[in-house]
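Please find below my note on the structure under review. It is arranged as numbered points, each on one topic.

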Amino acid sequence: MAKSNDSNNTGVTTEPAVDYGFDTLAIRTGQLPTDEGSHSEPIFATSSFVFQDAAQAAARFSGSEPGNIYSRFTNPTVEAFEKRLAAMEGGERAVATSSGMAAILSIMMAFLQSGDEVVSSRSIFGTTNVLFDKYLKKFGVETTFVSISAMDQWQAAITDKTKLLFLETPSNPLCEVADIRKLSSLAKQHDLLLVVDNCFCTPALQQPLALGADIIVHSATKYLDGQGRCIGGAVVGSNELMTEVYGFLRSAGPTMSAFNAWVFLKGLETLSLRMQAQSKSALLLAQWLTDQPGVEKVHYAGLPTHPQHALAKQQQSGFGGIVSFELTGGRDAAWKMIDATTFISITANLGDVKTTITHPATTTHGRLSDEDKAASGITEGLVRVAVGLEDISDIKRDLSHGLTTAQ
Ligand SMILES: *Cc1c(COP(=O)(O)O)cnc(C)c1O
């Protein structure tokens with residue numbers, strides 16, 4: 001990380017260096033010095049930028065001179081967020097987008113064409129499923145869905161038209177864990193791109209590029225923000241791959257706003273602490289739920305009973321903040337439990353310091369057919385809790401009202 005001025009500590013840094021630790025990178029990377037000496041990153045709320053003269057305008061547009069042009073594709077606040085996130089993921093470059101879905105769409109538009117095929121984990125964000133199954137299909141791109149942890153299914157689904165493998169790990173809402181290293185060797189063997197949605201762990205707990213993934217996708221809306229304020233997304237990878245994604249962004253415009261980039265920059269500064277604290281509370285909650293009446297099964301990779309507990313321990317430095325569990329009483333019990341909470345927010349969002357609760361079968365995964373729900377393990381009694389930063393004793397107490405009511 002180079003100081004903006006070697007002889008004078010301005011408290012502002014720009015380029016990351018490999019020898020800085022994760023937390024330093026999260027707090028210091030990407031900030032540009034300003035003439036005002038602002039300590040917090042400024043928000044460049046401007047759609048366009050002026051040039052000194054016509055020649056400079058021409059040079060900027062031709063690419064012979066780097067610099068700002070127009071905020072659809074160059075904005076210093078957005079760039080600061082991109083630099084910081086890339087440093088945290090250990091990637092060469094990040095491209096920020098208007099949402100997590102825009103990030104996924106941008107990857108698909110950049111690397112696929114009609115006739116290509118995608119192999120995807122079945123356990124992905126519901127809307128990602130719709131994007132693949134309905135919209136990519138319209139343009140001649142077919143997706144085959146496989147079980148996230150069944151290597152034989154991944155292998156069998158690959159054809160000579162396959163271009164890309166897509167997954168989320170840990171998965172939503174069942175916390176299934178994919179072996180990124182094994183999938184990376186499979187991808188390399190067939191010359192495919194391995195894309196990992198790193199929303200649930202964030203770089204604070206898991207760095208998929210180091211495990212062999214080619215591209216990381218983020219919904220910045222979740223933990224990167226951390227306080228439920230803004231919608232945004234990002235794609236991270238090598239300079240070569242990101243040039244293609246950036247090309248799509250420049251042409252199609254699913255751009256992150258400067259204000260949102262600023263909120264996410266602030267979110268990144270506390271990401272590591274939040275992820276550690278939320279993981280700690282989630283583990284305590286998962287252990288507690290295991291012993292509660294009416295709870296049939298608890299899904300959390302931090303529990304030694306989880307089928308991929310050992311793998312999760314190996315490729316993640318924490319188990320994350322999402323716990324889901326199945327109630328014996330089906331939908332009736334699940335809804336009663338959700339309705340009996342007093343402060344836990346009933347919302348489909350996650351990754352907030354406020355604890356949230358949702359019934360996946362009728363909300364986030366409501367658009368799946370009954371068959372797909374069954375194949376993905378989304379039962380009627382399943383409840384998902386995204387653990388926040390309130391006192392764990394209060395979270396347990398609020399859930400216990402519901403558990404008693406659900407009996
Ligand atoms: C929310 C989410 C998305 C989509 O992100 P948006 O910012 O809502 O567009 C993608 N993947 C996962 C895992 C998510 O949780």
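The points below go from the whole chain to single residues.

1. Basis of the model. This is a predicted model, in which local features need pLDDT of at least 70 and side-chain atom pairs count only at pLDDT 80 or more, while totals for chains, interfaces and linings use all residues. Residues are numbered from 1 along each chain as its sequence is written.

2. Overall form. The chain has 14 helices and 12 strands; helices (H or I, at least four residues) and strands (E, at least two) are DSSP runs, numbered from the N terminus. A compact globule of 407 residues would have a radius of gyration near 22 Å, and the 22 Å of the chain agrees with this. That radius is taken over C-alpha atoms, and the globule rule is 2.2 Å times the number of residues to the power 0.38. The C-alpha trace spans about 75 × 50 × 35 Å along its principal axes.

3. Burial. Of the 407 residues, 49% count as buried. A residue is buried if 20 or more other C-beta atoms, placed from the backbone, lie within 10 Å of its own, exposed if 12 or fewer, and partly exposed in between.

4. Ligand surroundings. Of the 14 residues around the ligand, S99, G100, C199, S219 and T221 come nearest. A residue is near if its C-beta atom, placed from the backbone, lies within 6 Å of the molecule.

5. Helix α5. This helix covers residues 126–138 and reaches 18 Å from its first C-alpha to its last, close to the 18 Å expected at 1.5 Å a residue; the expected span is 1.5 Å times one less than the number of residues. A kink of about 30° is centred on F132, the bend being the angle between axes fitted to the seven residues ending there and the seven starting there. F132 is also one of the buried residues of α5, with T128, N129 and L136. These buried residues pack against α4 (100–111), β2 (117–121) and β3 (142–146), where contact requires C-beta atoms, placed from the backbone, within 7 Å.

6. The loop between β4 and α7. P170 is found in this loop, and the peptide bond from T169 to P170 is cis, with omega near -5°. C175 counts as buried because it has 27 C-beta neighbours inside 10 Å.

Definitions and conventions. Two residues are in contact if their C-beta atoms, placed from the backbone, lie within 7 Å.
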